[in-house]
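Dear colleague,

I am handing over the structure below, and the notes after it set out what was found. Please read them with the coordinates open beside you.

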Amino acid sequence: FLHIRDLWIGVERDPPRFVNRVHPLVRRTFSEPAIAGLRSLGALVWGEPAHAARMLTDLTALAESGALPEIQMNEFRKQCENVWSQLLNTGATWPWPSGKPVKVPAVRGSRLVSHTPDESVPIYIHDEASPIKRSLVEMTEHAVLIADSGEGGAIAEAFGKRGIPYTLISTVQVSLSDGGRAVSADATLPRLVDVAGEWLLLVVALVVELKSSAFVRRTAEGVQRTLDRLRATRYDHRHHVELALEGITIAPPPGMRSLPLLDPSTPTLVTWGDEELLRTLRNSAQSLAQLLGQPSLQDPLENVFLK
């Protein structure tokens, strides 16, 4: 049996499958007076700011239980992102009273966990548009908060005010090495457009222009800056690399084939593996978009290089 104060109902949206809820099909048979009656008895409404603290508490408990099926992980991430947005933007009650240990849903070593930050094991907060470093940090034994990167700065500010130890992922330094020798930006490396060909400039220019809309227009100056950045980008291809961050050496994830070196004067695209150039560029679309300062170009670049 379940106490009604532990039961979630949906009003504007259905509660996720992994919480204790009234099934949506049953819920839709309830009249408005019936819902009001459930509310008066203490039933919880998923998605309401007044219950944001409880939503985060239940999500944390689920993360701690280890009972979440892998197939529901994306939905779990989405719910965590929504809850943090409510906590930060609606004046919802902070989930942890003063003096009570903070516990949050996080990913550590590619596993879903609950994490209590302290000085020796802070929580890592994602605050960059690109997910590259977040994915790498999640592979280590560091705990990464499950929240939208757009809220990262605000979450860090809220944690800082309450003395909760954290590290921003934007401050994490990622280094590359090949056979023990550091891989770094180098102005003597060939330019990417010289290796690929001048067609790459035309393709990127067309992608930038086609990404424009009635609401977002790319000025000629903006397009030119992107192309100048592309012309300045160096290319360094390796057969194998090792990654290191926060003192931990890791092998690149199986699907990872590149990393951008965001040097101000010598932006460099580092790739590895034995694939032909066009496939390498397709697998490096995210890194290239980040080097160009245009993260939104990742998907269209992938599509162009695929075709």
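The largest nonpolar core has 37 residues, and Phe76, Trp84, Ile123, Leu145 and Phe159 are those with the most contacts inside it. A nonpolar core here is a set of buried Ala, Val, Leu, Ile, Met, Phe, Trp, Tyr and Cys residues joined through side-chain atoms within 4.5 Å, where buried means under 20% relative accessible area, exposed means over 50%, and partly exposed covers what is in between, with a 1.4 Å probe and protein chains only. Two or more residues of this core come from each of helix 3 (52-65), helix 4 (73-89), strand 3 (104-108), strand 5 (123-125), strand 6 (143-145) and helix 6 (152-161); helices (H or I, at least four residues) and strands (E, at least two) are DSSP runs, numbered from the N terminus. Apart from this core lies another one, of 23 residues, and Val193, Leu288, Leu291 and Leu301 are among them. Within the largest core, Phe159 touches Trp84, Trp94, Ile123, Ile125, Ile164 and Tyr166, not counting residues up to four places away in sequence, a contact being heavy atoms within 4.5 Å.

Before going further, please note that this is a predicted model, in which local features need pLDDT of at least 70 and side-chain atom pairs count only at pLDDT 80 or more, while totals for chains, interfaces and linings use all residues. Residues are numbered from 1 along each chain as its sequence is written, and side-chain values use heavy atoms, with hydrogens and water left out.

For the chain as a whole, there are 12 helices and 14 strands, and the C-alpha trace spans about 70 × 50 × 35 Å along its principal axes. Of the 307 residues, 45% are buried, and among contacts with a separation of 6 or more, 69% are between residues 24 or more positions apart.

The search ran on a 1 Å grid over the protein atoms alone: a cavity is a set of points where a 1.4 Å probe fits but cannot get out, a pocket is an open set with protein on both sides within 12 Å along at least five of seven lines, and lining residues have an atom within 4 Å of a point. Grid points are joined across faces, edges and corners, and a volume is the space filled by probe spheres set on the points. Arg13, Trp46, Gly47, Met55, Gln79, Asn82, Val83 and Gln86 line the largest cavity, and helix 4 supplies the largest share of that lining, 4 residues. The lining divides into 3 nonpolar, 4 polar and 1 charged, where Ala, Val, Leu, Ile, Met, Phe, Trp, Tyr, Cys and Pro count as nonpolar, Asp, Glu, Lys and Arg as charged, and the others, Gly among them, as polar.

Trp46, one of those lining residues, also touches Pro15, which is in contact with Trp8, Ile9, Gly10 and Arg21 as well, again not counting residues up to four places away in sequence. Pro15 lies in the loop between strand 1 (8-9) and helix 1 (24-27) and is buried, at 4% relative accessible area. The C-alpha atoms of Pro15 and Trp46 are separated by 5.5 Å, although the two are 31 residues apart along the chain.

The largest pocket holds about 510 Å³ of space and is lined by 26 residues, of which Arg77, Ser135, Glu138, Met139 and Pro253 lie nearest its centre. Helix 5 gives the most to this lining, with 5 residues, and the lining divides into 11 nonpolar, 9 polar and 6 charged.

The second largest pocket has about 360 Å³ of space and 18 lining residues, of which Lys133, Val174, Pro260, Leu261 and Leu262 lie nearest its centre; these 18 divide into 10 nonpolar, 6 polar and 2 charged. Lys133 is found in helix 5 (residues 132-139) and is buried, with a relative accessible area of 15%. The side chain of Lys133 reaches the backbone oxygen of Ser170 at 3.3 Å.

Finally, Ser110, in the loop between strand 3 and strand 4, has a positive phi of about 65° although it is not a glycine, and Ser110 is exposed, at 57% relative accessible area.

Best regards

How values were computed:
Polar contact = N/O pair within 3.5 Å; in protein donor to acceptor, adjacent residues only side chain to side chain.
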